[in-house]
Amino acid sequence: MNETAKTTRLQSWTLFPSMRKKLQSSILILGIVAALSISTLAQNTIYVDHAVIGLNDGSNWANAYSNLQSALTTAVAGNEIWVAQGTYQPASPGGLPESTFQLKSEVALYGGFAGTEMQRSQRNPAINTTTLTADLNGDDGAAWSSMADNVYHIVTVDGLPNAVL
């Protein structure tokens, strides 16, 4: 390689140091945006399973929220809440009769999961029954003999044009 070629190559690289910085910054920004996008996609599903003892953060089945109310509180538009088989009350025993599962706009709520599924299509509501109940103390029985502790409305969807249950 002759001296002119070496000089030209060196000059072209050194003539644009600000451009090099901009390119490095752009690559860094693209990497951050991609990482955030992947993180956002992973957080679109919030998991609920009353029988799981994990981090209770809803991030996956092993760390599912133990109650549906927590999932509804943290959900934002675009989220899906997957609820494992079992019975869920809108409040703890002795809670207020005004308690309710208030759905949010553009947040989908699905039951019928065993607690191992990776896709919504894998759920089986006929086998994995998910029940939302008004009976806070779990004492109604077959004859509905003790309903004084029950909430007035189990689920509320007032004013939500895009609620999915």
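Which backbone oxygen does the side chain of Thr 100 reach? The model you see is predicted, and in it the side chain of Thr 100 comes to 3.2 Å from the backbone oxygen of Ile 154. You will find Thr 100 in the loop between strand S3 (86–88) and strand S4 (101–102). With a relative accessible area of 18%, Thr 100 is buried, because buried means under 20%. Setting aside neighbours within four places in sequence, Thr 100 is in contact with Gln 69, Pro 90, His 153, Ile 154, Val 155 and Thr 156.

Now let us turn to strand S2. Five of the five residues of S2 are buried, so this strand is largely enclosed by the rest of the structure. In a regular strand, side chains alternate between the two faces of the sheet. In S2, Glu 80, Trp 82 and Ala 84 lie on one side, Ile 81 and Val 83 lie on the other, and all are buried.

S2 pairs with S1 in the parallel sense over four bridges. Here, Val 48 has Val 83 in S2 as its bridge partner.

**Aromatic rings**

The structure holds five aromatic pairs. Two of them are set out here.

| Pair | Distance between ring centres | Angle between planes | Arrangement |
|---|---|---|---|
| Tyr 47 and Trp 61 | 4.9 Å | 65° | edge-to-face |
| Trp 82 and Phe 113 | 4.7 Å | 10° | stacked |

Why does the pair of Tyr 47 and Trp 61 count as edge-to-face? The planes of these two rings stand at 65°, and planes over 60 degrees apart count as edge-to-face. This pair links distant parts of the chain: Tyr 47 belongs to strand S1 (residues 45–48), while Trp 61 sits in the loop between S1 and helix H3 (68–74), 14 residues apart. Both Tyr 47 and Trp 61 are buried.

Trp 82 and Phe 113 are both buried. Together, Tyr 47, Trp 61, Trp 82 and Phe 113 form one aromatic cluster.

Which residues does Gln 119 contact, leaving aside its neighbours within four places in sequence? Gln 119 is in contact with Trp 82 and Phe 113. Gln 119 itself is found in the loop between S5 and strand S6 (130–132), and its relative accessibility of 48% makes it partly exposed.

**The nonpolar core**

Our last stop is the largest nonpolar core, which has 22 residues. Of these, Val 48, Leu 68, Ala 71, Ile 81, Val 83 and Tyr 88 touch the most other members. S1, H3, S2 and S5 are the elements that give two or more residues to this core.

Take a closer look at Tyr 88. Not counting residues up to four places away in sequence, Tyr 88 touches a set of residues including Val 48, Leu 68 and Val 83. Also among them are Asp 49, His 50, Ser 66, Phe 101 and Leu 132.

Note on methods:
Residues numbered from 1 in each chain as written. Predicted model: local features only at pLDDT ≥ 70, side-chain atom pairs only at ≥ 80, totals over all residues. Heavy atoms only, no water. Phe/Tyr/Trp six-rings, centres within 6.5 Å; stacked < 30°, edge-to-face > 60°. Buried < 20%, exposed > 50% of the residue type's maximum accessible area, 1.4 Å probe, protein only. Contact = heavy atoms within 4.5 Å. Polar contact = N/O pair within 3.5 Å; in protein donor to acceptor, adjacent residues only side chain to side chain. Pairing = 2+ DSSP bridges. Core = buried A, V, L, I, M, F, W, Y, C linked by side-chain atoms within 4.5 Å.
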